[in-house]
Amino acid sequence: MFGAVHLGAAAACVVVLVPMGMAGWHLSRNKMLFFSGALFISLAICVHLTPYFPSIPDFVTSVSSVVVFDHRTSCINLVNDISWQVNPKNASSRLHINATHDLDLYDKRWGWSDSHKVKACDFQKLSRPDASDLLNGSWVMVAGDSQARLFTLSLLTLVLGSDSQRMDSVRADLFKRHSDYSILVDEIGMKLDFVWAPYVVNLTNLMTDYKTQKSCPDVMVMGAGLWDMLHFNNASHYEFALRMLKTNVVSLLPLSTELAMNEPVVGSVPIKSSSHLFWLGMPVLINGMLNTEEKREKMSDAMWHAYDRALGDSKLLRQTGGPLLLLDSQSLTWNCGPHCTSDGMHYDGAIY
């Protein structure tokens, strides 16, 4: 290859540069003509030499692919860059609030920020048909504490739409205290399981069950931490539990290039290649609004940040080399603030 390059360069010098030099003296009296000729001949050289550098097109292609990848990655990071419009509800809505004991006193609308980077991502809100297409024929599992239960309710509200009677039935069954829940949405063939799992060890045991059954959902959303913070109040214990969970989740993956593995995991389950794994992050806790003295004492800002650091240190999340993509409840709840919660912990449906 290098010999061909040298030969091509020599040929270019003889065929192009020598005549150019010979003509240079005659053209020097007309500078415009000289530089026009020089530009034309330089382009001719590039055209003649390009075939001798086959790696150039590959280089351009690789650079383009890197640019596209970086764009997609940055868009994932920007998806929660939203702004809220929060306004008090009108008089008729307040009457409905009093009749239903609803504590949601504000109308909330949200949209993505107007920054150039966010606009370039061209985010779109999901409609019911969009969600139905994406989840058609899927087995969805959501596991965790009350945050996961509220997420489940929001997802079903999106899928079932305006069927208020059916949603009333779903809400009554889903919010039975500390219980599991399952539903089959026949219209799109979607099965959804909610598993009450308030501690990380519950999630770990669930992963073990899936491994034993040799069957896994298409979509898994899980999250826990608030109960651990309240009842154990030990961030180191929490980090250890998350590391154990990560080990069990990874054992479900037959091959994970994203985790820098080149061989199948020993004893792994043949999980679907299209499976999507998510971690439902903890919301911001507004300490002054928490409804018991024990919660205000144990679930302090300092403890919340200690648990958040433990999550990062556990390497469970995709951005730290782990298997789960973060659903960033922290940024969403922080942006909406006190108007989106009645107890400083559980937020309105607009969040989920």
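Of the 352 residues of the chain, 38% count as buried. The structure is a predicted model, and its fold comprises 14 helices and eight strands. Among contacts between residues at least 6 apart in sequence, 69% join residues at least 24 apart.

**Confidence of the model**

The average pLDDT of the chain is 80, and 69% of the residues score at least 70. Over residues 56-69 the pLDDT is below 50, and this stretch has zero contacts in the model beyond near neighbours in sequence. Residues 94-103 also have a pLDDT below 50, but that stretch has eight contacts beyond near neighbours in sequence.

Asp193 belongs to strand β5, which covers residues 190-196. Is Asp193 buried or exposed? Its relative accessible area is 11%; because buried means under 20%, Asp193 counts as buried. The side chain of Asp193 makes a polar contact with the side chain of Trp139, at 2.9 Å. Leaving aside residues up to four places away in sequence, Asp193 touches Trp139, Val140, Met141, Val142, Tyr181 and Ser182.

Ile188 is found in the loop between β4 (181-185) and β5. With a relative accessible area of 12%, Ile188 is buried. Which residues does Ile188 touch, not counting residues up to four places away in sequence? They are Ser132, Leu135, Asn136, Gly137 and Val159. Ile188 and Ala131 are 57 residues apart along the chain, and their C-alpha atoms are separated by 10.0 Å.

**Aromatic rings**

A pair of aromatic rings is described by the distance of the centres and the angle of the planes. The count for this model comes to seven aromatic pairs. Two of them are set out below.

| Pair | Distance of centres | Angle of planes | Arrangement |
|---|---|---|---|
| Trp139 and Tyr210 | 5.9 Å | 85° | edge-to-face |
| Trp196 and Trp227 | 5.5 Å | 80° | edge-to-face |

Trp139 lies in strand β3 (residues 139-144), whereas Tyr210 lies in helix α9 (residues 200-213), so this pair ties together parts that are 71 residues apart in sequence. Both Trp139 and Tyr210 are buried.

For the other pair, Trp196 is in strand β5 and Trp227 is in helix α10 (residues 226-231), so the pair ties together parts that are 31 residues apart in sequence. Why does Trp196 count as buried? The relative accessibility of Trp196 is 17%, and buried means under 20%. Trp196 and Trp227 form one aromatic cluster together with Tyr199 and Phe232.

**Charges over rings**

Two lysines also meet tryptophan rings. The charged end of Lys191 sits over the ring of Trp139, 5.0 Å from its centre. Lys125 lies over the face of Trp110, at 4.2 Å from the ring centre.

**Trp139 as a meeting point**

Several of the descriptions above concern Trp139. The side chain of Trp139 is in polar contact with that of Asp193, its ring forms an edge-to-face pair with Tyr210, and the charged end of Lys191 sits over that ring.

Conventions:
Residues are numbered from 1 along each chain as its sequence is written. Side-chain values use heavy atoms; hydrogens and water are left out. Helices (H or I, at least four residues) and strands (E, at least two) are DSSP runs, numbered from the N terminus. Buried means under 20% relative accessible area, exposed over 50%, partly exposed in between (1.4 Å probe, protein chains only). Contact means heavy atoms within 4.5 Å. A polar contact is a pair of N or O atoms within 3.5 Å; within protein, one must be able to donate a hydrogen and the other to accept it, and residues adjacent in sequence count only if both atoms are side-chain atoms. Rings of Phe, Tyr and Trp (its six-membered ring) pair if their centres lie within 6.5 Å; planes under 30 degrees apart count as stacked, over 60 as edge-to-face and the rest as tilted. A charge sits over a ring if NZ of Lys or CZ of Arg is within 6 Å of the ring centre and within 35 degrees of the ring normal. pLDDT is the predictor's confidence in each residue, from 0 to 100.
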